[in-house]
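Hi everyone, thanks for coming. I'd like to walk you through a structure, so please have a look at the sequence and the model before I start talking.

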Amino acid sequence: MGPLEARVPIVGAGAVSAHGVAWRGLSHTLGSGVCAPEPATELTTSHPGTRAFQLTTLAEPSSMAERRARPLMSRSAVLASMATSAALQDAGWRAPLADVGFYLGVGASGGSVDQLGTMLAASLDAGEFSLERFGDRGLAACNPLFAFQLMNNFTLCNSAIVHGTEGPNAAFFSRGTGTLFALSEAVDALAENDCVRALAGGADSSVYAVTWAELMREGWAERGLVPGEGAALLALAHPTSSARALAFLDYVSVHSARRAAPTVALQSALDALSPPSIDAVVLSAWGPPARDPLAAVVARALRGRPLLDVANGLGESLAASPALAWTVGLDLLCSQDLGRVLIVSAGLDGDLGLVALSAGASP
Amino acid sequence: MSRRRVYVAGLGAVTPLGDTWADSIEPLAQGRTAVAPITAFDVRHFPCGVAAGIQGHFELTSDRRLALAERAAREAWMMAGVEAAPERVGVFIGAESGRASLATLLELARAAGAAHQFDHASFGRKARPLAARVDASSVSPAAVASALAREFRAHGPVETISIACASGAAALVEGTRSVRLGECDVALCGGVGADVDPLMLVGFGRLGALSARGVSCPFDLRRDGFVVGEGAAMVVLSSNPRHAALEVTGIGRSLDAYHLTKPDPDGDGAARAMQQALQDAGRATVDYIQAHGTSTPLNDEVEAKAIRRVFGSSWADIPVSSVKGALGHWVAGAGAIGFLCAAHAVQHGSLFPTANLAEPDPECGLRHVLGRAASLDVHSALVNAFAFGGANACLVLERVN
């Protein structure tokens, strides 16, 4: 990973965030400095007082197929489906979609807690969890497909079923880096002609009682993580495609924290990226301890270039965060007539992800 | 784009029939099955009371994915004897979430209250002690790949692929691609499943996916569902041909985009993944197929239909078997152990039989390997893995010329 042998045309995008179902205008919204987290309605009773960047309402199902599937979809799967619908529409891709690859960073959040409660309640015997009752009545008390809300791949598969994407695919577990691998794999699949077009991105939510409890326990909340949720996808065409491109993907890399500190990795990557070519930077880091040192490196290396910190307006949506940042970068590029935008992401896994988008005419 | 050849340098596994891959080979060749009654916990009211579990090594309450994966990876790594700079080593693992212990489940039940609706307020108040009982490092799907990366000093790409029953095969696809495109020189790939636990047994049982008879017999007329198995299978791939006898020449993936639990009845998605892998390998056919073959009525019939469709009239010449009759269904590890069986066939000319397959279903008309291992000069093999949700992954491996 690193500079791509052939730039990959981005012909559309879809984004779902606390600011609605749109990627165009996101950079302006986030740059205006007026974004603030709202009381987290999903956490009102479990974690009162928590503020988050969350969607107030989910879009109505876009088709009969989705209407049927919706009760079996986790919140992350619904977000993914909304972003898929938006990206397909933005790219002008219509059925049949058998040749569309689909690569998604996914998390483990989102199963219905009401279903979980029902299952557990039916498994209690005199106030104690009973394995016998669990086997006899536990899952029988909830939807038998409940387990599929919890399995990571169904965030991807539900969207594929609803929208009919049938190409090569993979769901990468992600707390940051996995979403970069989804994009990298999509690029490789296009380069190897496994598919002629692909969707790549991420979908996840940390505005979920169980996930938030875990994040609190791990100390992320105390260190400044603000929960968020969303989904975003880039619609990528084959490098030889003559489709009209919004922009081009020209660089994707992941830097393992096992190898070097993120700041060191960012500095060396910036040297290799030719800093003069970068007009703006989008930074998506889970909180101040990750953001501040990276912002300092950017400020030193790219003096005077604007830096947009998207976590301030989107929160941390785990597997979705890097992908949302890519769409913000795309919006910057398209709306401000820039030449090249670098998107830096730092998730909970500690690794660093770098993506560069550039303007330019289609081949 | 330049494309390097990808060689198989090492294989390792922990299976219910052997502590190592080497130990597992003879029982698999004999057609033995590891499926047995579950004794580790009370299954009297469970929909299925048998499994192909790994006994004796692990506590029921611990997450076993890592222990299984580490042992399999060490065997594969030792066999491979590869050397590479840390930044040129990648790890690609198929894994699903681990499970919290039963003690944590009890805490969860208490925290959520005993009412019929989830008590958010109670849960919130009690969430901290609950969460403290859940070790995120053992529950996260990424925990296995991260731990292996630490042990084997892999500073290259470290990926966790979670697409249910195709995860292990998809991880091999990712590793192959990464070596092929020069993103790393050595890839530790594979999958692990540790699903012989109450949650998974009840979950799959309620779906009606498990065998009520308690027999895993892929493609058999009497098949009535799968049997949960567990284990880990690991492969070391390398760009270095030194001592390599096998190479991965084809990869393919597709989505059914059809149904959450049922395969496309025409086998369209499965067929596309197989065709893509064959095309990638530049082949029209292979000498052997290690099928996904779960022992569920619909899956086996659809897979057989897809194989016949892909290979046309030559299907009758291609031996087919499924290791799930012997080892049960490892879910995230399934495709990886299938790969090892296919590798054994190509390298040693020994085709494992489909254990428990005694009365082949005419609807699953294929050239099945029955009884004991068959001997055949095999130059190439196809590995199939098809998942709940409709994700499919296939690989072609060949003998090195």
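**Chain B, then the cavities and a pocket**

Let's start with chain B: of its 401 residues, 66% are buried, where buried means under 20% relative accessible area, exposed over 50% and partly exposed in between, with a 1.4 Å probe and protein chains only. Keep in mind that this is a predicted model, where local features need pLDDT of at least 70, side-chain atom pairs count only at pLDDT 80 or more, and totals for chains, interfaces and linings use all residues. Residues are numbered from 1 along each chain as its sequence is written, chains are lettered from A and ligands numbered from 1 in the order in which they are written, and side-chain values use heavy atoms, with hydrogens and water left out.

How confident is the predictor? Chain B has a mean pLDDT of 90, and 87% of its residues reach 70 or more; pLDDT is the predictor's confidence in each residue, from 0 to 100. The complex gets an ipTM of 0.86 and a pTM of 0.90.

Chain B has twelve helices and 15 strands. Those are DSSP runs, H or I of at least four residues for helices and E of at least two for strands, numbered from the N terminus. Take contacts in chain B between residues at least 6 apart in sequence: 80% of them join residues at least 24 apart, with contact meaning heavy atoms within 4.5 Å.

Now zoom in on B:Val14, in strand 1 (residues 6-14) of chain B. Is B:Val14 buried or exposed? B:Val14 counts as buried because its relative accessibility is 1%. Beyond its neighbours within four places in sequence, its contacts include B:Ile54, B:Leu68, B:Ala232 and B:Trp330.

Over in helix 6 (residues 143-151) of chain B, the buried residues include B:Val144, B:Ala147 and B:Leu148. Just after helix 6, B:Arg153 takes a positive phi of about 50 degrees.

A cavity is a set of points, on a 1 Å grid over the protein atoms alone, where a 1.4 Å probe fits but cannot get out; a pocket is an open set with protein on both sides within 12 Å along at least five of seven lines, and lining residues have an atom within 4 Å of a point. There are five cavities of 30 Å³ or more.

The second largest cavity holds about 50 Å³ of space. Its lining draws on both chains, with A:Phe172, A:Asp188, B:Phe92 and B:Arg177 among the residues. Helix 8 (177-191) of chain A and helix 7 (167-180) of chain B each supply at least two lining residues, and helix 8 of chain A gives the largest share, four residues. By class, that lining has three nonpolar, two polar and six charged residues.

Leaving aside neighbours within four places in sequence, A:Asp194 is in contact with A:Pro168, A:Ala189, B:Arg177 and B:Gln276. A:Asp194 is buried because its relative accessible area is 13%.

Last stop: the second largest pocket, with about 500 Å³ of space. Of the 31 residues that line this pocket, the closest to its centre are B:Thr261, B:Pro263, B:Thr296, B:Asn299 and B:Phe388. Helix 10 (residues 297-311) of chain B supplies the largest share of the lining, five residues.

Conventions: Points joined across faces, edges and corners; volume = space filled by probe spheres on them. Nonpolar A, V, L, I, M, F, W, Y, C, P; charged D, E, K, R; others polar.
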